[in-house]
Amino acid sequence: MSETSRRRGMHPLLAFILGFLLALIMLLGAVAGAVYFVLHYKLDNIQANKDSDGNYLFINADPSSGGVATVLDLISKVTEMSKGYSSLTLGEIEELVPVMGSVCDKLEAELDNYVTLEEDELKSVTLGGLSEFVASLADRVNVAKLIGTTTDNAILMYMSYGIYGVYNDGADWYAKYKDEDGEHDCTLEIGETGKIDGVYYYSDGGDKLYTPYLTLDNVKTRVNGVCEELTIGEIVPLAEGDRILGSIKNSTVNSISEDINNLCIQQIFADEVYAPNTPEDGNYPEAEIYLAVTEVPEPAGYYLGANVIYYEYDADNNVYTLAGNNGKLTAEEFTAADNLYTLGEGKILYNPSYLYYTMDGDGDIKMIGSGTADAGRAQAPQNGEEIYTYGAASPLWKLLIFVDEEEQAFTFNNVGSMISNVSKNTQSTPMRELDAAGILTFDNKDELELKITYSKNGETVVETLGDMPLGDVIGVAVMMFSATMPQP
């Protein structure tokens with residue numbers, strides 16, 4: 001080959017290099033064009049990004065509502081958001097990524113079973129504060145809904161919804177709720193499973209308000225409320241006729257100690273204290289409580305039964321006295337007696353020596369002046385006032401609870417004084433009453449009618465044994481015994 005021919009040709013290695021470079025240039029040009037096309041592609045054209053109604057699913061491609069038009073815009077938006085991601089809210093993310101809204105909605109719906117969230121509260125949470133927000137939910141968990149409170153547990157109802165005095169009118173459930181604005185009448189919402197879903201009342205302005213449910217951060221307040229608001233009668237099922245628990249059923253846990261100390265012994269043992277006589281089988285009937293009145297009784301025309309108090313009238317002194325045994329008569333005694341008067345069923349003539357009570361609409365009684373020095377004392381009822389009494393005490397109990405001819409309200413605090421009365425009262429009690437009380441028993445009751453003649457202050461006195469106080473009888477016996485003793 002000639003020298004000229006060799007100059008016109010190209011070295012194979014150089015040709016390869018130049019060919020590679022040319023191919024690379026052409027390839028880069030093609031890639032650059034593809035990248036440009038992708039970056040400027042309209043996101044609105046991506047059908048998979050829309051649901052059947054045309055709403056954006058993954059990326060908001062509407063710039064007018066906070067979205068982006070192209071992929072390049074999306075990259076710019078994401079880059080910008082990433083710079084302050086910790087302060088970015090879930091709602092702001094939802095503007096760009098609509099699917100985040102569905103996630104928030106589902107999360108709110110699930111949380112709503114346990115926590116009440118404010119509107120859009122979850123969407124206002126920042127990414128940086130998300131862990132703190134989740135931790136704070138623990139104190140707001142609706143413990144009441146987790147427990148599944150029903151209407152058969154007063155403590156749980158108060159703990160769960162702050163309500164007390166719960167009752168049913170045959171159709172719906174109602175209760176009381178107290179806050180800084182006072183006491184409210186509430187209605188319970190009962191679910192299909194029988195559990196309480198909520199408790200509401202209406203404000204003065206007519207707004208429907210729900211009582212706060214139990215959460216971890218108000219447990220202490222509710223526990224204190226159980227002690228202050230719930231009564232023993234609400235907490236403990238009381239057997240009908242249980243006088244001990246019945247006497248403190250309106251007490252709270254905080255007041256029960258003081259209330260027990262002020263509890264009247266006569267009220268607890270009323271069946272025995274006010275029984276006209278001791279039953280042979282030891283089973284006392286429930287003591288009757290009577291409405292005190294001041295009217296003069298009408299003459300008794302027929303026997304009305306055991307719930308009636310009878311009186312005998314002393315025309316000379318214009319005085320009514322209890323007939324029979326504390327005003328109670330058997331049918332035979334009624335038939336044999338005359339000059340009887342009665343106030344009718346459930347009434348008794350006012351007597352200042354009795355103890356008196358008030359009665360509420362549910363029939364619950366409360367001693368007048370309970371816990372004071374004048375406990376049980378009451379003036380004669382005036383102007384339709386209603387006061388109630390068990391009436392006269394039985395002869396045995398009269399020895400314990402009467403002081404200077406008046407019944408006193410004895411409590412557990414002064415039961416010692418009650419016992420000390422026995423010695424004093426025994427000395428001043430007529431023999432007839434001591435016999436009735438079983439203290440001194442006369443097998444032959446006629447002996448109580450014996451006439452005792454003795455000298456008193458230089459005068460001769462004749463008295464019936466049954467009407468004489470024990471102290472006088474002892475004094476007369478000692479005097480007679482002394483008179484028969486030989487003189488030194």
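Strands β17 and β18 form a hairpin, with two residues between them. In the turn, Asn457 has a positive phi of about 55°. This is a predicted model, and the tour below goes from hairpins to sheets, then to a helix pair and an aromatic pair.

**The five-stranded sheet**

- The β1–β2 pair belongs to an open sheet of five strands, which follow the order β1-β2-β3-β4-β5 with antiparallel pairing.
- Which strands stand at the edges of this sheet? They are β1 (163–168) and β5 (208–210); each has a single partner strand, so one side of each is left without a neighbour in the sheet.
- From one strand to the next, the twist averages 35°.
- Further along the order, β3 (residues 182–190) and β4 (residues 196–202) run antiparallel and are joined by four bridges.
- Leu188 has its bridge partner in β4, namely Val199.

**The four-stranded sheet**

- Another open sheet has four strands in the order β7-β10-β8-β9, again with antiparallel pairing.
- Its edge strands are β7 (298–299) and β9 (319–322), each of which pairs on one side only.
- Strand β8 (residues 310–314) is joined to β9 by four bridges, and the two run antiparallel.
- Within this pairing, Glu312 stands opposite Thr321 in β9.

**Helices α8 and α9**

- Two packed helices are described by the angle between their axes and the distance between the axes.
- For α8 (residues 154–161) and α9 (residues 219–229), the axes come within 9 Å and cross at roughly 135°.
- That angle makes α8 oblique to α9, and the crossing is right-handed.
- On the α8 side, the contact is made by Ile155, Tyr158, Met159, Ser160 and Tyr161.
- On the α9 side, the contact is made by Val219, Arg222, Val223, Gly225, Val226 and Glu229.
- What is the make-up of the contact of α8 with α9 by class? It has seven nonpolar, two polar and two charged residues.

**Aromatic pairs**

- The count of aromatic pairs comes to twelve.
- One of them is formed by Tyr274 and Tyr390, and this pair is stacked, at 5.0 Å centre to centre with 15° between the planes.
- The Tyr274–Tyr390 pair links distant parts of the chain, as the two residues are 116 residues apart.
- Where do the two tyrosines of this pair lie? Tyr274 is in the loop between α14 (270–273) and β6 (290–293), while Tyr390 is in the loop between β14 (388–389) and α16 (395–401).

Definitions and conventions: Residues numbered from 1 in each chain as written. Predicted model: local features only at pLDDT ≥ 70, side-chain atom pairs only at ≥ 80, totals over all residues. Heavy atoms only, no water. Axes fitted to C-alpha atoms, helices over the stretch in contact; angles between N-to-C directions. Parallel < 35°, antiparallel > 145°, perpendicular 65-115°, else oblique. Left-handed = near helix turned anticlockwise from the far one by under 90°. Contact = heavy atoms within 4.5 Å. Nonpolar A, V, L, I, M, F, W, Y, C, P; charged D, E, K, R; others polar. Pairing = 2+ DSSP bridges. Phe/Tyr/Trp six-rings, centres within 6.5 Å; stacked < 30°, edge-to-face > 60°.
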